[in-house]
Amino acid sequence: VYETTFGGAVSETLSMDVNVLQLCTYSIDMRDSYGDGWNGASVDINFTGGADIATVSFDGPATSAAVETFSVPAGYEMTVTFNSGAWDSEVAYAIFSNETASGAPIFFDTPPVTVGVAYTGTAVCP
C-alpha cells in the first residue's frame, strides 16, 4: 500500500499480512420445561484463537423456548459457560452447527445443567 497526495508526492510502500477468518453459523436452542423462562440464567460463548473475538451471550428465553444464531470462527477453541439463575432444574440447551445436514447437536446440556464451563471444543465449519 502506498499513498499519493493531491500534489503528487508518493509515500513509502507498506505491506502487511491480513488473515481472513472463516465464519460459520451456529445456533443455540434454549428450553425451559416450566415455561416461565430462565429466571436470570444465561450462556456465554468465548472464542480463543489468533484474533480477539467478542464473547457471545444469551440470556435465555423469556418463555418456554428460543433459538438464536451466532457466528463461529473456524479453528478457534469455543468455550461454553452456563451462568446459574433461579430454577436451573428447568433449563436445557443445545448448540448446533447450521451447516451440518445431520441435525445432531455439537453439545447439549439437560437438567441438572453444568454450572460454569460446560463445554470446550474446536469450532469446525464443514
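Mentor: Let's start with the open sheet of 4 strands, ordered E3-E2-E5-E8 with antiparallel pairing. Its edge strands are E3 (56-58) and E8 (116-122), each pairing on one side only. The model is predicted, so local features need pLDDT of at least 70, side-chain atom pairs count only at pLDDT 80 or more, and totals for chains, interfaces and linings use all residues. Residues are numbered from 1 along each chain as its sequence is written, and side-chain values use heavy atoms, leaving out hydrogens and water.

Trainee: What makes strand E2 and E3 a pair?

Mentor: Two strands pair if DSSP finds at least two bridges between them. Here 3 bridges join E2 (residues 42-48) to E3, so the pair qualifies, and the two run antiparallel. Aspartate 44 stands opposite serine 57 in E3.

Trainee: Why is isoleucine 106 called partly exposed?

Mentor: Buried means under 20% relative accessible area and exposed over 50%, with partly exposed in between (1.4 Å probe, protein chains only). Isoleucine 106 has 31% relative accessibility, so it counts as partly exposed. Its place is in the loop between strand E6 (91-97) and strand E7 (107-109).

Trainee: How do you know that aspartate 32 has no salt bridge?

Mentor: A salt bridge needs a side-chain nitrogen of Lys or Arg within 4 Å of a carboxyl oxygen of Asp or Glu. For aspartate 32, which is buried, the nearest side chain of opposite charge, arginine 31, is 11 Å away, so there is none.

Trainee: Where does aspartate 32 lie?

Mentor: Aspartate 32 lies in strand E1 (residues 23-32).

Technical notes: Lys and Arg count as positive and Asp and Glu as negative; His and the chain ends are not counted.
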